[in-house]
Amino acid sequence: MDFQDIKGQEHCKRAIEVACVGDHGIIFIGPHRSGKSALIKRIPTINSVPIFTAEILPCPCGNFTDPKKECLCKPRQIQEHLTSISPRILKRADMQVEVPKINLSINDKRRGETSAVIRERIEKTRRNFKPYKLDKEANELLKLAILELGISPLSYDKIIYVAVTIAQMDDKRVIEAHHISEAISYRSLDRNLWG
Ligand SMILES: [Zn+2]
């Protein structure tokens, strides 16, 4: 089993790498057969320390966001489904990442990075300096996100934790705006993607 077996899903693979470097728990949200379990099963191939993971469907029937299947759930049911996620799980996961169902051609011979390459990068990055300060733009973006997304204090803390890891991977001494925006991209449930 190797990350190389998974075609596409670059956003998810990047998210997993961030999670491994910073020991962040991660929730995967996606329709049936979008590859959530395949991603989770491969985490031990790049990381010696287990991280918390959970997988959830985007709606009660599991077809929402699937481009080929029809979801018959009502908006209210979807909302209830998402608010029923246990607070214990939400608390343990700094990151909430959407796993889209993608159509892959059998002829697609492109191969991604091997688990060995990713593992080596994770181990190297772990030794980097951890930044603790936000630059001016990062601060402003964060303020804007609080206003626009109405994020909770818990989410606020988690965005910062994850942004610290991303800046560390970038070998930066301060947290910049793009580190914050990437961290926000891993907060799918806050962004009210399905609301
Ligand atoms: Zn549904």
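1. A residue is buried if 20 or more other C-beta atoms lie within 10 Å of its own, exposed if 12 or fewer, and partly exposed in between, with C-beta atoms placed from the backbone. By that count, the buried residues of α8 are His179, Ile180, Glu182, Ala183 and Ile184. Across the protein, 34% of the 195 residues are buried.

2. A word on what we're looking at. This is a predicted model, where local features need pLDDT of at least 70 and side-chain atom pairs count only at pLDDT 80 or more, while totals for chains, interfaces and linings use all residues. Residue numbers start from 1 along each chain as its sequence is written.

3. Overall layout. The protein has eight helices and five strands, where helices (H or I, at least four residues) and strands (E, at least two) are DSSP runs numbered from the N terminus. Going along the sequence, the order is α-β-α-β-α-α-β-α-β-α-α-β-α. The radius of gyration is 17 Å, close to the 16 Å from the globule rule for 195 residues, so the protein is as compact as a globular protein of that length. That radius is taken over C-alpha atoms, and the rule is 2.2 Å times the number of residues to the power 0.38. The C-alpha trace spans about 50 × 40 × 30 Å along its principal axes.

4. How do the contacts divide by sequence separation? Counting pairs of residues at least 6 apart in sequence, 79% of the contacts in the protein join residues at least 24 apart. Contact here means that the two C-beta atoms, placed from the backbone, lie within 7 Å.

5. Helix α1. This one covers residues 10-22, so 13 residues, and runs 19 Å from first C-alpha to last, close to the expected 18 Å at 1.5 Å a residue; the expected span is 1.5 Å times one less than the number of residues. Its buried residues are Cys12, Ala15, Ile16, Glu17, Val18, Ala19, Cys20, Val21 and Gly22. They pack against β1 (25-29), α2 (36-42), β3 (93-98), α5 (115-126) and α7 (153-169).

6. The α1/α7 crossing. Two packed helices are described by the angle between their axes and the distance between the axes. For α1 and α7, the axes come within 9 Å and cross at roughly 95 degrees. The two helices are therefore roughly perpendicular to each other. Val18, Val21 and Gly22 of α1 meet Tyr161, Val162, Thr165, Ile166, Gln168 and Met169 of α7. By class, that contact has six nonpolar, three polar and no charged residues. Axes are lines fitted to C-alpha atoms, for helices over the stretch in contact, with angles from 0 to 180 degrees between N-to-C directions. Under 35 degrees counts as roughly parallel, over 145 as roughly antiparallel, 65 to 115 as roughly perpendicular and the rest as oblique.

7. The α6/α8 pair. Helix α6 (residues 136-149) packs on helix α8 (residues 177-185) at an angle of about 30 degrees, with the axes 7 Å apart. That makes α6 roughly parallel to α8. The contact is built from Glu137, Ala138, Leu141, Leu142 and Ala145 on α6 and Ala177, His179, Ile180, Ser181 and Ile184 on α8. Sorted by class, it has seven nonpolar, two polar and one charged residues. Ala, Val, Leu, Ile, Met, Phe, Trp, Tyr, Cys and Pro count as nonpolar, Asp, Glu, Lys and Arg as charged, and the others, Gly among them, as polar. Beyond α6, the buried residues of α8 also pack against α7 and β5 (174-175).

8. Two positive phi values to look at. Aspartate 23 is partly exposed, with 15 other C-beta atoms within 10 Å. Threonine 65 also isn't a glycine, and its phi is about 75 degrees; this residue is in the loop between β2 (53-56) and α3 (75-83). Is threonine 65 buried or exposed? Threonine 65 is buried, with 20 other C-beta atoms within 10 Å.

9. Threonine 83, in helix α3, counts as exposed with 8 C-beta neighbours inside 10 Å. Histidine 178, in helix α8, is partly exposed with 16 C-beta neighbours inside 10 Å. Histidine 178 and cysteine 71 are 107 residues apart in sequence and 34 Å apart in space, C-alpha to C-alpha.
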